[in-house]
Each structure stands twice: as structure tokens, then as C-alpha cells.
Amino acid sequence: KEVGEKFRRMEPSGSRIWKMKIFAGIFSSLLPLIIVQRGDRLEINDGSHRAVAMHLSGVTKGKAYIGVEKLA
């Protein structure tokens, strides 16, 4: 959410992510984000541009694969 709002303020209008908004519904239902849990943090490992496009389109839910990093 924070990145999406920063993007909204700072990214040029020609950015491809603005164009990705039209696919937000497909992204949220068919292309899961890849997220890694490291301690108490969640980090997007793959799909950050899709996540921003979804946020800009008002999509608040989507699929994700979440991996948990185990420390040795």
C-alpha cells in the first residue's frame, strides 16, 4: 500500500505500470504474488509491479504463495 501511494505521487505517466492497471483482475485471480516471510517481515519476491498495479486499480485481495525463510 505504501509503495502504491508513493508510486501514485512520483511515477511518470508513461510508466508501464499505469498500463498494467487494466489487467489487475487477472493478476489478482490468476497470477499469484510470491512472498517470502523473513522473521516478522513479509517481502514480495516476485510480482511487485503487479501488486502496485492492483493497488492503483483498487484491488485489495489477491492470491499469493508465501514461503517462510528458515534460519539454520
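**View 1. The largest pocket holds about 410 Å³ of space.** Here a pocket is an open set of points on a 1 Å grid over the protein atoms alone, where a 1.4 Å probe fits, with protein on both sides within 12 Å along at least five of seven lines. Its volume is the space filled by probe spheres set on the points, which are joined across faces, edges and corners. This is a predicted model, where local features need pLDDT of at least 70 and side-chain atom pairs pLDDT 80 or more, while totals for chains, interfaces and linings use all residues. Residues are numbered from 1 along each chain, and side-chain values use heavy atoms, without hydrogens and water.

**View 2. Meet the lining of the largest pocket, made of 17 residues.** Lining residues have an atom within 4 Å of a point. Nearest the centre lie Lys-1, Ile-44, Ala-51, Val-52 and His-55. By class, the lining has eight nonpolar, five polar and four charged residues; Asp, Glu, Lys and Arg count as charged, Ala, Val, Leu, Ile, Met, Phe, Trp, Tyr, Cys and Pro as nonpolar, and the others as polar.

**View 3. Helices H1 (2-10) and H4 (48-56) each bring at least two residues to this lining.** H4 gives the most, with five residues. Helices (H or I, at least four residues) and strands (E, at least two) are DSSP runs, numbered from the N terminus.

View 4. Along the sequence, their pattern reads α-α-α-β-β-α-β. Of the chain's 72 residues, 26% are buried, meaning under 20% relative accessible area with a 1.4 Å probe, protein chains only.

Technical notes:
Buried < 20%, exposed > 50% of the residue type's maximum accessible area, 1.4 Å probe, protein only.
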